[in-house]
Amino acid sequence: MSDALLVVVDAANVVGSVPDGWWRDRRGAAERLRDRLAVDGLPGRDGPVEIVLVVEGAARGVESVPGVRVESAPGSGDDRMVELVAEAGARPVLVVTADRELRRRVGELGAEVAGPRTVRP
């Protein structure tokens, strides 16, 4: 899928964007986001996409499902997302996060950035 848009989703940031009790079950919240991404993909985008959901902390260990690859960050989720963008080379990348510093870091590497509402109702 090297010609597909790589969509890197900041699970902690997207889950944390809605105060729905996610803090009581961080792993479950990440799994619900993963499942929604697997069904809905990236609304409003035509063409192939590869979705990577980056989890950290209590959400580590969430399994990948068809349509969504889950990356458990060994340390900082932000650092892992920056690595994924850097590894993508010339491939188009969209990072979904509201984190200003992360947006700056991936933007410097040429990634497009979008807020959590891109993937969350």
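Predicted model: local features only at pLDDT ≥ 70, side-chain atom pairs only at ≥ 80, totals over all residues.
Biologist: At what angle do α3 and α4 pack?
Modeller: Helix α3 covers residues 77-87 and helix α4 covers residues 100-108. Their axes lie 9 Å apart. The packing angle is about 20°.

Biologist: Are α3 and α4 roughly parallel or roughly antiparallel?
Modeller: The angle is about 20°. Angles under 35 degrees count as roughly parallel. The two helices, α3 and α4, are therefore roughly parallel.

Biologist: Is the crossing of α3 and α4 left-handed or right-handed?
Modeller: The axes of α3 and α4 are 9 Å apart where the helices pack. Their crossing is right-handed.

Biologist: Which residues of α4 meet α3?
Modeller: On the α3 side, the contact is made by D78, D79, M81, V82 and V85. By class, the contact of α3 with α4 holds five nonpolar, no polar and three charged residues. The α4 partners are L102, R105 and V106.

Biologist: Which residues of α3 are buried, and what covers them?
Modeller: The buried residues of α3 are G77, D78, R80, M81, V82, L84 and V85. D78, M81, V82 and V85 also meet α4. The cover includes β1, β2, β3, β4 and α4.

Biologist: Which residue has a side-chain oxygen at the start of α3?
Modeller: The backbone nitrogen of D78 is the atom reached there. The distance is within 3.2 Å. The side-chain oxygen belongs to S76.

Biologist: Which residue caps the N-terminal end of α4?
Modeller: The backbone nitrogen of E101 has a side-chain oxygen 3.1 Å away. That oxygen comes from the capping residue, D99.

Biologist: Which residues with a positive phi follow α3 and α4?
Modeller: Just after α3, G89 takes a positive phi of about 60°. After α4, a phi near 95° belongs to G110.

Biologist: Is R91 buried or exposed?
Modeller: R91 sits in the loop between α3 and β4. Its relative accessibility is 17%. Buried means under 20%, so R91 counts as buried.

Biologist: Which side chain makes a polar contact with that of E112?
Modeller: E112 lies in strand β5. At 39% relative accessibility, E112 counts as partly exposed. Leaving out residues up to four places away in sequence, E112 touches R45, V93, L94 and V95. The polar contact of 2.8 Å is with R45.

Biologist: How far apart in space are E112 and L94?
Modeller: The two residues are 18 residues apart in sequence. They are also in contact. Their C-alpha to C-alpha distance is 4.7 Å.

Biologist: Which residues does P48 touch, beyond four places in sequence?
Modeller: P48 is in the loop between α2 and β2. P48 and L5 are 43 residues apart in sequence, with C-alpha atoms 6.5 Å apart. The residues touched are A4 and L5.

Key
Residues numbered from 1 in each chain as written. Heavy atoms only, no water. Axes fitted to C-alpha atoms, helices over the stretch in contact; angles between N-to-C directions. Helix = DSSP H or I, 4+ residues; strand = E, 2+ residues; numbered from the N terminus. Parallel < 35°, antiparallel > 145°, perpendicular 65-115°, else oblique. Left-handed = near helix turned anticlockwise from the far one by under 90°. Contact = heavy atoms within 4.5 Å. Nonpolar A, V, L, I, M, F, W, Y, C, P; charged D, E, K, R; others polar. Buried < 20%, exposed > 50% of the residue type's maximum accessible area, 1.4 Å probe, protein only. Polar contact = N/O pair within 3.5 Å; in protein donor to acceptor, adjacent residues only side chain to side chain.
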